[in-house]
Amino acid sequence: MLETKYFRDYRHNYLIIKDNGCLLQNTYQRKMITENQIKGLLSSQERNINGEVLLYYEITSKQSLFSIYDGKCIYMSQIRELFMQLKLVNDMLLNYLLDGSCLLLLPEYIFQDLETKEFYFLYYPDPEEGGFEKLIDFLIARVNSEDMKAIEIVYKIADLFHQDRFVLDEILKWFQEEEENVYNISENPTWEDQEKNEIIYTNQTKETVEQETEEERLNWFDRIVSAFLEKIKRKKVSGKREEVYQYAQTSEDIIYEQKLDAGNTVFIPWTESCENKLYSMNKKNKCHIDLEKLPLTVGKLAGAVDMVINENSISRMHVKFSRNGNKIFITDLNSTNGTFRNGIRLSPNASEIIEPGDEIRLGKLKFVYR
């Protein structure tokens, strides 16, 4: 397990990884990634602090896959783009004689520039830290449940990985075939187009049957269906909110006969009476942030966040609010101008509990929580 932390200097945000024993042993790989600007990799620097080797990866203006899709669906086009860029990075690493298995593929270590849509991967010279299985679990949990093609491909990728037959070229071939099928089927097909599509579909089915035995095909289908139904079941259960109201039967006589002794005072947690809202303290920008439905991401890039605030000092994805039990947390999302709680700046990707009366500042905008 890698020991990581986040750090911000005057204008840059960094993800820092401590040496787990591999940096000193792999001098060549360390020098290649720190002294070259390899396309598709996070830019990195080597620093020696108190006799300890640290790698600083610059993540300024980038968001992790985990932050972007926390509570959101991931679609076929985004999955395809992720694996296409992963293939390009692997090919680039070969030019530098670097091992592609040293890419950290955990969702929190894969970053994307939301403006250019480019993915950036983190290289650490230890193949044991790869984490590809966690990336697959992440995709399975967040793939759009209405896109059967995307679900099928994600589970096929998982199946290849567990059989130790994972090959990027094979996966990209599936995406290419899927694009060709969509292209071949027009929006208003003629009878001739329909016949051609039926022939294409029949030929593809025959090829699949020739490659797999009947037993393997049924097992594969059962795995996809059972996993998909389980996912839908979990989604429905988690989406239900049961509210039980208990009413005490009282009458005027009963109330009159109550003892004058009021008894002990029962402490009511502040969250039960809290409005769960950030009220703007700005004269020009009077936007309020409602925290009833969490998680909630705030920024100025429409489509990437749940709430858009048009303000120059706000980053594309600036901050995230989340709930854990009765506690509400605020997390800075690598913002350029920072997230502040009661005047103290949060470190990049750091989370803190907020309480009523707290002053929250996002860039230049000030809010009070109550």
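Contact, in this talk, means heavy atoms within 4.5 Å. I will start with Y57, which touches N13, Y14, L15, I17, I33, L42, S43, S44, L122, Y123 and Y124, leaving aside residues up to four places away in sequence.

Two remarks on the source. This is a predicted model, in which local features need pLDDT of at least 70 and side-chain atom pairs count only at pLDDT 80 or more, while totals for chains, interfaces and linings use all residues. Residues are numbered from 1 along each chain as its sequence is written, and side-chain values use heavy atoms, with hydrogens and water left out.

Now the overall picture. The protein chain has 10 helices and 20 strands; these are DSSP runs numbered from the N terminus, H or I of at least four residues for helices and E of at least two for strands. Of its 370 residues, 40% count as buried. Buried means under 20% relative accessible area, exposed means over 50%, and partly exposed is in between, with a 1.4 Å probe and protein chains only. Among contacts between residues at least 6 apart in sequence, 57% join residues at least 24 apart.

Back to Y57 and its surroundings. A nonpolar core here is a set of buried Ala, Val, Leu, Ile, Met, Phe, Trp, Tyr and Cys residues joined through side-chain atoms within 4.5 Å. The largest one has 65 residues, and the members touching the most others are L41, Y57, F83, L103, F121, L122 and Y124. Helix α5 gives the most to this core, with 8 residues. There is also a second, separate core of 20 residues, including I309, F321, I328 and I360.

Next, α5 itself. At the start of the helix, a side-chain oxygen of D147 comes to within 3.3 Å of the backbone nitrogen of K149. After the helix comes D164, with a positive phi near 55°.

A buried arginine is worth a stop. R30 lies in helix α1, residues 27-35, and counts as buried because its relative accessibility is 7%. What does the side chain of R30 make a polar contact with? The partner is the side chain of E46, at 2.9 Å. A polar contact is a pair of N or O atoms within 3.5 Å; within protein, one must be able to donate a hydrogen and the other to accept it, and residues adjacent in sequence count only if both atoms are side-chain atoms. The R30 side chain also reaches the backbone oxygen of L23, at 2.3 Å. Leaving aside residues up to four places away in sequence, R30 touches L23, L24, E46, V53 and L55.

On to the cysteines. A disulfide is a covalent bond between the sulfur atoms of two cysteines. The cut-off used is a pair of cysteine sulfur atoms within 2.5 Å, and the count by that rule is 0. C102 is buried, at 1% relative accessible area, whereas C73 counts as partly exposed, at 32%.

Last, the sheet. 6 strands form an open sheet in the order β11-β10-β20-β19-β16-β17, with antiparallel pairing. Two strands pair if DSSP finds at least two bridges between them. The edges are β11 (289-290) and β17 (344-345), each pairing on one side only.

On one side, β19 pairs with β16 (339-341) over 3 antiparallel bridges, and F340 stands opposite R361. With β20 (365-369), β19 has 4 bridges, also antiparallel. There L362 stands opposite L365, and E359 stands opposite V368.

The β19-β20 hairpin has 2 residues between its strands, and G363 takes a positive phi near 60°. The C-alpha atom of G363 is separated by 8.5 Å from that of N312, 51 residues apart along the chain. N312 is in the loop between β13 (307-308) and β14 (319-324), and counts as exposed because its relative accessibility is 72%. Leaving aside residues up to four places away in sequence, N312 touches K300 and N337.
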